[in-house]
Amino acid sequence: MGERKRVPLGIFAVLLLISASSFQLLLASDDADDAIFYESFDEDFEDRWITSQKDEYSGVWKHAKSEGHDDYGLLVSEKARKYAIVKELEEAVGLKDGTVVLQFETRLQNGLECGGAYLKYLRPQDAGWKPKEFDNESPYSIMFGPDKCGATNKVHFIFKHKNPKSGEYVEHHLKHPPSVPSDKLSHVYTAILTADNEVQVLIDGEQKKKANFLSADDFEPPLIPSKTIPDPEDKKPEDWDEREKIPDPSAVKPEDWDEDAPLEIVDEEAEKPEGWLDDEPEEIDDPEATKPEDWDDEEDGEWEAPKIENPKCEAGPGCGEWKRPMKRNPAYKGKWHAPLIENPAYKGIWKPRDIPNPAYFELKKPDFEPIAAIGIEIWTMQDGILFDNILIAKDDKIAESYRETTWKPKFSVEKEKQKAEEAAAAAAAGSSGLAGFQKKVFDLLYKIADIPFLSAYKPKIHDLIEKGEEQPNLTVGILVAILVVFVSIFFRIIFGGKKQPTKVEKTNVDSSATNQSGENGENEENKEKEESSSAPPRRRSTRREN
């Protein structure tokens, strides 16, 4: 049998990637069929979305690519503008039964200091609005998405609900909503409304908040009003006493209580410090000040030198007229007040009585208005906000699939790029810090090279430093080399010092002839040593002659 041909593993890897990509595209295609509404912005939006014609909304929407991707989105193109645009749905979406998922992506490409990037899910037009007149007053059922300005930093979830008793539409805000991500990456926001009256808020697929529409702890104001309210017509009786304690009416001010005694009195025991300069002013004219050349006495008035603190006062205990200091008056008691006692007429803090709340109602499920359109109505100080992949679905699995196929690949690329940029920035900062450290090291080495006892090694140390400055990566090697020089000098000093007396003696003997040439200073001292050391030989020579 012939040998079976082996197919390179690389081909299998390529085929696997192609298959995975095709599978993801098929999933996205299938999900698109399952979605109630989906807007990818792959094509220009102008034939599908309607821009508000109101004058205040002057911001220009653009069909643009997300930075670093071939994926298109709806772009906020100008700073400090109001924007409004709306897309009508083919059919209104009910929110009362089953699960409804609202999801969209946004990328704050230039950050977000002050502005919104949220969506409004609008009620049908018979509620009183028109697409070309879409504005802040257009009635919505749900408002969802990031908003940040000043102290505000939250992902809104607000729903409007009609009170069946009063007929009034009330905004109910999610309490303690999650914060807006602070980076410039693509993020996907998901709100899942379930049949058990709950809402889940997800950011990038991770649950950040879970709340119950009927709970007073989760929304402000609560969806279901309180059963009772304070009676607006109830008035506090005139004889109602809210004072818990009152001054004791039987108390009498003591006879020795002096209300006129001052808080402080002159300290008569104080004595003027010795050396006090009575005749010296605390401030004197600045002797170094000179009249400006352009000073005009007629226009500017008579010139006077500025004052400075008298230096004599700083050297002494003080200047000027001495006055005794003040001290606390031991007889001071202040204004007398009667002590407080329990008020026998105290009735407590008055509050109006409670009456049944005419606006109270009971609900087992929220009575949401249907969604007939999606609008973006924002006022932002930043440009570069990109909206993409707006989705309405009946299943959170569909939303999850969209996140995996449309958002996650982009986010992964952006995250890796962010990490690389942060690493490069950290490396640059580290390099800058190292350069500063190297400069300090080299400056110190130049100073060390100027030390007198290193003068013989100065050229060598300078040569090493210059090499280090030309090639900063050699800094450690330079330090080691200079350290070796120091160690060598150290050992020479230590071990050379034991032989020094012998060397000095030889030097004195050799220099005897030199001392006779008339040198002063050290030579005279050496001459004295020479004479004392050569005296015995002279005496021996004398004995031989005799």
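The lining of the second largest cavity splits into 2 nonpolar, 3 polar and 4 charged residues (Ala, Val, Leu, Ile, Met, Phe, Trp, Tyr, Cys and Pro count as nonpolar, Asp, Glu, Lys and Arg as charged, the others, Gly among them, as polar). The model is predicted, with local features needing pLDDT of at least 70 and side-chain atom pairs counting only at pLDDT 80 or more, while totals for chains, interfaces and linings use all residues. Residues are numbered from 1 along each chain as its sequence is written, and side-chain values use heavy atoms, with hydrogens and water left out.

That second cavity holds about 40 Å³ of space and has S66, E105, T106, R107, S186, L386, F387, D388 and K410 around it. Strands β6 (100–108) and β25 (385–393) each give two or more residues to this lining (strands are DSSP runs of E, at least two residues, numbered from the N terminus). A cavity here is a set of points on a 1 Å grid over the protein atoms alone where a 1.4 Å probe fits but cannot get out, with lining residues having an atom within 4 Å of a point; volume is the space filled by probe spheres set on the points, which are joined across faces, edges and corners.

As for the core, F387 turns up again: along with Y121, F144 and F157, it has the most contacts inside the largest nonpolar core, which has 57 residues. Such a core joins buried Ala, Val, Leu, Ile, Met, Phe, Trp, Tyr and Cys residues through side-chain atoms within 4.5 Å, buried being under 20% relative accessible area with a 1.4 Å probe, protein chains only. Strand β5 (residues 81–93) supplies the largest share of this core, 6 residues.

Methods. 1 Å grid on protein atoms, 1.4 Å probe; cavity = no way out; pocket = protein on both sides within 12 Å on 5 of 7 lines; lining within 4 Å. Helix = DSSP H or I, 4+ residues; strand = E, 2+ residues; numbered from the N terminus. Buried < 20%, exposed > 50% of the residue type's maximum accessible area, 1.4 Å probe, protein only.
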